[in-house]
Every structure is written in structure tokens, then in C-alpha cells.
Amino acid sequence: MVKPCVYIMSDSVGETAELVVKAALSQFNDGPFDVQRIPYIEDTGTIEETLTQAKENNALIGFTLVSPELRKYLRDRAAEEGVECVDIMGPMMDSMQRHFNATPRLEAGLVHKLDEDYFKRVEAIEFAVRYDDGRDPRGIKKADIVLIGVSRTSKTPLSQYLAHKRLKVANVPIVPEVKPPKELFEVDKNRCIGLKITPEKLNGIRKERLKALGLGDEASYANLERIRQEISYFENIVDNIGCEVIDVSHKAVEETANIIIQTFNSK
């Protein structure tokens, strides 16, 4: 079955439109939906190409275009082609122009150009991706926060969540057979957070992970004795570092993140 499709068209990166579209889609439980972003639209040619694809795929279009000419062109052509099309920002901008009796600047991407916070967040997200899962130990010394834990303790989701709070996070997996990077013992311990979990809880999480991958739960990855060994090794590492440890056994990512943020802000 073909997934319902939404095309997001923008003369900037399209993030604003995508946030609105996804917020609306969250109200529909029949998903999943295919959301495709077409950014940096500057001419009618790109509009025509996208309309052709949207018509072929029976897609809905949501758009944010500041140019009145391009907005009108897209609306008119979408109506001619019978493509459902929603102007996400235009009506609000038109109302503001009338109400404030002011002329809009009509420059694409101003919300990001004027928002230093946006760039910090993007930089932090890119940092989290670059230094995820111990990929490059050089990130440990550059990070605001270093997360340490065995596999499946939510290191990556936590890194991304914290990145949206503009914190640069590196995370390091702890595996008995792999010596931790030396940078982990050279960085300020106050920037390190160990993620602790009970063997039983981790056992259940890993079994579900193996099922999701279509594998049996007899693998050593989900073996309780093996898990105890990993956790014991992890405890030795964090004791050696002397960093704070959070028990994530029964905590949601948001809850753990809030504890980390409070800890970070208090130091």
C-alpha cells in the first residue's frame, strides 16, 4: 500500500513548514506518512516539477514562500492541476501587513538569520551525530556533556534530545572487549555522565531489540550473565573516572535529560 504523501515546499530550508505539517499529521493515527521536503525554491520551474510529482503521487502540498508572485503562481497552478495546496505562512503574513500597516521584507529564511539560537541548535545536532557511539574520540574533549553507558541505555536519543537544548553531546559505548578511549579519562569528570541500568531491565530491552531485527533472543547480546559482565565493567570505568551516574532503568529519555540539564547547569 502506498503511503499518503505530503510535499513541503519552501524558499528556505522548509523547517517551519515541516514542523507544522508533522504537528498536523500527529493527529491522524492511520500513518505512516511520506513527508518530502523541497527547499530553496526560487523559480516557477521547480514549482512545476514538484506539482507534476505531487499530482502523480496524489500528494498534498504545504508551503512557505515569501514571494507574493511565487505564492500566487503555486496556488493558481495547483488549483488548475487539482492538487491540494496549503499556504502555511502567507495568510498570517498578509494579515500582519494589513493590521500593522507595515510592508514585509519578503526575504526567505529570515527567521533563521535572525535567530542565533537556531544555529546553536543545528550545530549541537550535527555535533551529536558526528560524535555518536564513540565514533570519534576527539569529540570527547570538545563536548559539553559526555554520556557513558553500555549498549541500549538510550545514549543516542539522549544526545539528540540534549542537542535540541543546544548542548554538544558525545557518547561513548562501554564494551568489555574494547578499551575505552584515553580521552575519557582526561576530560573534566564533571562533564561526564554515566548511564546505569539494571541487568533485568537491559535484558528485556535487548530481547525486544533482537525481535525487532528478526533474530532470536538466545544471542549473547541478550544473555543475562553477559549483561552483568558488561554492567560490572561499566561500573569500574565510571568509578575510575569519578563521574556522576544516573539510573535510567525506569526513566523516559525526557526525564533523564532533565536531570542531566539540571546537573549541567548547577556546575
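Let's start with R77: at 16% relative accessibility, this arginine counts as buried. Keep in mind as we go that we're looking at a predicted model.

So who does R77 pair with? Its side chain meets that of E80 in a salt bridge, with N to O at 2.7 Å. Both residues sit in helix 3, residues 68-81, and because they are three residues apart there, about one helical turn separates them.

K168 forms a salt bridge with E123, and their closest N and O atoms are 2.9 Å apart. K168 lies in the loop between helix 8 (155-163) and strand 6 (169-173), while E123 belongs to helix 6 (residues 116-130), 45 residues away. Buried or exposed? For K168, the relative accessible area is 24%, so we call that lysine partly exposed. E123 is partly exposed too, at 41%.

Here's another one of that kind. E177 and R226 form a salt bridge, the closest N and O atoms being 2.7 Å apart. E177 counts as exposed, with 56% relative accessibility, whereas R226 is buried at 18%.

And back to where we began: salt bridges with shared partners join R77 and E80 with E48, K55 and E81 into one network. How many salt bridges does the structure hold? The total is 22. Thanks, everyone!

Terms used:
Residues are numbered from 1 along each chain as its sequence is written. This is a predicted model: local features need pLDDT of at least 70, side-chain atom pairs count only at pLDDT 80 or more; totals for chains, interfaces and linings use all residues. Side-chain values use heavy atoms; hydrogens and water are left out. A salt bridge is a side-chain nitrogen of Lys or Arg within 4 Å of a carboxyl oxygen of Asp or Glu. Helices (H or I, at least four residues) and strands (E, at least two) are DSSP runs, numbered from the N terminus. Buried means under 20% relative accessible area, exposed over 50%, partly exposed in between (1.4 Å probe, protein chains only).
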